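Here is a friendly briefing to read alongside the model. Have the viewer open and follow the topics one by one.

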Amino acid sequence: MRPLVRIMLRDSLRQIRHIAAVPHAEARGQVAEVYAQARREFGVVAPPLALHSPAPEALAASWLLLRETLLAQGRVSRAAKEAIATAISRANDCPYCVEVHEAKLATLTGADAHGPLADWADRNALGPAEEEPRPFDAADAPEILGTAVTFHYLNRMVRLFLPDSPVPDAAPAAGRGPVMRMVARAMRPDAGTAVTPGTALGLLPTAPLPAGLDWAKPNPAVAGALARAVASVDAASERWVPEPVRDLLHTELAVHDGTVPGPTRTWLAEATDGLDAGHLPAARLALLVALNPHQITDADLEEFRALHPEDRELVELASWAALTAAVRIGARFAETARPLTSAAG
């Protein structure tokens, strides 16, 4: 079954929009290393991971986040973390991610037991909506909240680079369910492979944990993945993203603080008013990725590519904006006033 799924997913790389993903056979260096780990420990090189391949540091960062939060064998069950991934994806209106992780959740033992956890994630997707006890204890927080941060990041990347469903539009409606169940069952490590926490951290250099993510410290693997991913993605963007664009993103994230601007794009015009014309395309796209990826248009991408034609630049800008937004949301999880209660299993 898995060879068939891998062939299907290889073909599904054609679903990736706006950039050309590196084919598995052409992968070299860090890209090849990540691809090999993903095939061994996740079962597949899925399009949400492969879309990062034009920017090797962003690819390694996305793999570390996914691996150390969702996949690594820790305190929290895979079913509980898939429930979080599905709930966050639904809150972000990312139908592609909902379809994939809902299908995976349905294959796991104990899936029905995590309704309260999913409900909590839905209510608190952008940070604590109200003072309520969390349905997990402090020791589980790094894996639960780390998974939430990972999917706030991945949802934004998927909204930009992938369609609404992993199943092609031409597929018969009756076949969609069986295809997704087959893919979901293939999303597992190779036989005899243990996804041991922390063993992939060497893909990226050590770095300090970002401010506000202290909840990750009890789990060195999750904390290390967050720290290394953020530092590497940020360093890649610093090489070419203008400082006024970087400053503006942080300012607007603070202004909106967990709310989604809209329904029109008036907010975008106001935010970028007075910016140098040469900085506008990158600034508009970064703000849209971080705050409202549903409002991205082909014109936004064309204006950006006119000044920044390389696929690497598009992936690096989107990755930096998406991860900056996800980390800010992650910091808001620390604001809950009431203590954590009962384990998530």
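His294 lies in the loop that runs between helix 13 (280–291) and helix 14. Please keep in mind that this is a predicted model.

**His294**

- With a relative accessible area of 37%, His294 is partly exposed.
- If you leave aside neighbours within four places in sequence, His294 is in contact with Asn92, Asp93 and Arg159.
- His294 and Asp93 are 201 residues apart in sequence, yet their C-alpha atoms are 8.9 Å apart in space.

**His308**

- His308 sits in the loop between helix 14 (298–307) and helix 15.
- Is His308 buried or exposed? Its relative accessibility is 14%, and the cut-off for buried is under 20%, so His308 counts as buried.
- Not counting residues up to four places away in sequence, His308 touches Trp240 and Glu313.

**Helix 8 against helix 15**

- Helix 8 (residues 141–161) packs with helix 15 at an angle of about 145 degrees, and their axes are 8 Å apart.
- The crossing of helix 8 past helix 15 is right-handed.
- On the helix 8 side, the contact is made by Val149, His152, Tyr153, Arg156, Met157, Leu160 and Phe161.
- Helix 15 contributes Leu314, Val315, Ala318, Ser319, Ala322, Leu323, Ala325, Ala326, Ile329 and Gly330 to this contact.
- Sorted by class, the contact of helix 8 with helix 15 has 13 nonpolar, 3 polar and 1 charged residues.

**Helix 10 against helix 15**

- Helix 10 (residues 220–238) and helix 15 (residues 311–332) pack at an angle of about 135 degrees, with axes 9 Å apart.
- That angle makes helix 10 oblique to helix 15.
- Helix 10 passes helix 15 in a left-handed crossing.
- From helix 10, Ala229, Val230, Val233, Asp234, Ala236 and Ser237 meet Glu316, Ser319, Trp320, Leu323 and Val327 in helix 15.
- The residues of this contact of helix 10 with helix 15 divide into 7 nonpolar, 2 polar and 2 charged.

**The nonpolar core**

- In soluble globular proteins, nonpolar side chains tend to be buried together.
- Which residues touch the most other members of the largest nonpolar core? Among its 110 residues, they are Ile16, Trp63, Phe161, Leu317 and Trp320.
- Phe161 also belongs to the contact of helix 8 with helix 15, while Trp320 takes part in the contact with helix 10.
- Leu317 touches Trp240, Val241, Ala282, Leu285, Ala286 and Phe304, not counting residues up to four places away in sequence.
- Trp240 is touched by His308 and by Leu317.

Note on methods
Residues numbered from 1 in each chain as written. Predicted model: local features only at pLDDT ≥ 70, side-chain atom pairs only at ≥ 80, totals over all residues. Heavy atoms only, no water. Axes fitted to C-alpha atoms, helices over the stretch in contact; angles between N-to-C directions. Helix = DSSP H or I, 4+ residues; strand = E, 2+ residues; numbered from the N terminus. Parallel < 35°, antiparallel > 145°, perpendicular 65-115°, else oblique. Left-handed = near helix turned anticlockwise from the far one by under 90°. Contact = heavy atoms within 4.5 Å. Nonpolar A, V, L, I, M, F, W, Y, C, P; charged D, E, K, R; others polar. Core = buried A, V, L, I, M, F, W, Y, C linked by side-chain atoms within 4.5 Å. Buried < 20%, exposed > 50% of the residue type's maximum accessible area, 1.4 Å probe, protein only.
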